[in-house]
2 protein chains.
Amino acid sequence: MLFDRHSLENLEKRYRTRLINSLSGFKSANLVGTQDSQGHTNLSIVSSVVHLGSHPPLMGLIFRPNTVPRHTFENLRDSGYFTINQVTSEFYQAAHQTSARYPREVCEFHQTGLTAEYLNQFNAPFVAQSPVKYGLKVVEIQSITANNTELVVGEVLLLDVNQNALKQDGYLDLEAVNTVAVSGLDSYHTTSRLNRLSYAKPNTQLTHLTIDGAANDNIYPNSH
Amino acid sequence: MLFDRHSLENLEKRYRTRLINSLSGFKSANLVGTQDSQGHTNLSIVSSVVHLGSHPPLMGLIFRPNTVPRHTFENLRDSGYFTINQVTSEFYQAAHQTSARYPREVCEFHQTGLTAEYLNQFNAPFVAQSPVKYGLKVVEIQSITANNTELVVGEVLLLDVNQNALKQDGYLDLEAVNTVAVSGLDSYHTTSRLNRLSYAKPNTQLTHLTIDGAANDNIYPNSH
């Protein structure tokens with residue numbers, strides 16, 4: 001089914017929101033933890049965490065104007081610190097509930113039954129239930145002029161990973177710890193691994209890798 | 001397992017790359033199609049597409065310096081147009097192969113057996129095999145100073161969706177068309193839906209939604 005610019009513009013507003021939110025494919029589900037200068041904590045689910053680089057370890061995060069994570073954005077801008085915590089199938093409903101428009105002074109941890117955890121005196125709360133969580137320092141905030149969104153760039157300073165996920169080559173087996181994926185605005189998914197694939201080179205067959213990153217059988221392409 | 005800043009800095013380089021690439025959770029798998037002023041096409045897999053907004057429909061995409069999609073970045077910067085095409089379990093290996101460092105003049109469509117498709121005279125090639133694909137106009141390019149990456153912001157001008165995916169409220173059922181998710185650098189996954197959840201409100205139970213977006217049973221929280 002083909003939508004041109006005109007037909008996209010004329011879609012009913014919520015229909016268009018659901019459709020456009022589905023276009024990127026599967027998204028990460030993460031809870032962002034912050035606190036203000038009085039130590040009041042805030043927690044909000046986001047699906048816009050994106051890897052920016054590994055040396056130094058940088059992650060990006062999009063905040064849209066006037067949406068629920070606004071308190072979270074203000075806290076991390078003012079304090080300079082935040083945490084990112086992967087959401088699992090055990091608590092995705094509690095995580096989704098953090099998107100409700102609670103007043104600023106209400107703590108989403110308390111409202112949803114999730115547990116704030118402090119690690120190494122880091123200046124923002126982690127989610128105790130999360131198997132992969134890390135603390136970041138804000139290093140840059142870029143304003144996207146096209147629609148007044150903000151890109152927050154954070155450097156990873158502290159990382160806590162469930163040992164069950166960590167493979168010998170550094171890859172995290174997110175299925176071992178039940179991390180979920182999101183599609184659209186509201187759909188949560190578990191996953192099943194098809195394969196890890198070898199580093200691609202011109203005119204060379206790909207190989208399947210074991211979960212530990214060891215080479216397995218040749219698989220693609222069959223000719224060339 | 002806890003990694004502080006010092007231990008993160010001292011990890012072996014490739015180990016750290018795999019670990020940091022695993023932190024964001026599940027990522028989208030998309031092929032970006034472009035062409036240069038002579039009509040030479042380029043295709044590269046990316047896992048950094050992020051939703052920026054629906055009114056207007058804007059998507060973001062991260063390009064890192066000196067990585068394989070550099071030809072793609074130059075093409076979209078120079079032409080002003082690109083396509084994003086969701087990757088499915090039917091062709092994820094061909095999609096992964098586009099990340100090989102082919103010379104500029106080599107066409108990844110030809111090398112991987114994927115088919116270039118032109119829709120409505122749009123100025124960039126689509127992937128015929130992809131069930132969800134859209135054409136974008138570049139509206140903004142932001143440089144992230146922390147590590148010399150570029151955020152490309154594109155506005156969706158043309159969208160082609162397999163009818164099997166489109167639900168009555170605008171949500172796309174990506175499982176119906178076998179869209180895959182990525183974890184880390186090299187792992188591909190199919191998904192199984194846990195649930196769609198209702199819009200969260202303070203002090204109100206969440207409800208499960210049917211795949212068409214209709215309310216189902218109350219589920220969370222059980223008290224309050």
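1. A polar contact here is a pair of N or O atoms within 3.5 Å, where within protein one must be able to donate a hydrogen and the other to accept it, and residues adjacent in sequence count only if both atoms are side-chain atoms. By that rule, 69 residue pairs, both at pLDDT 80 or more, are in polar contact between chain B and chain A.

2. This is a predicted model, in which local features need pLDDT of at least 70 and side-chain atom pairs count only at pLDDT 80 or more, while totals for chains, interfaces and linings use all residues. Residues are numbered from 1 along each chain as its sequence is written, chains are lettered from A and ligands numbered from 1 in the order in which they are written, and side-chain values use heavy atoms, with hydrogens and water left out.

3. The rule finds six salt bridges across the interface of chain B and chain A (a side-chain nitrogen of Lys or Arg within 4 Å of a carboxyl oxygen of Asp or Glu). B:Glu155 forms a salt bridge with A:Arg5, with the closest N and O atoms 3.5 Å apart.

4. The contact (heavy atoms within 4.5 Å) takes 111 residues from chain B and 111 residues from chain A. The area buried between the two chains, meaning the accessible area (1.4 Å probe) lost on being put together, summed over both, is about 9800 Å², of which carbon and sulfur atoms give 58%.

5. Within S11(B), B:Asp160 is the bridge partner of A:Leu2.

Terms used: Two strands pair if DSSP finds at least two bridges between them. Helices (H or I, at least four residues) and strands (E, at least two) are DSSP runs, numbered from the N terminus.
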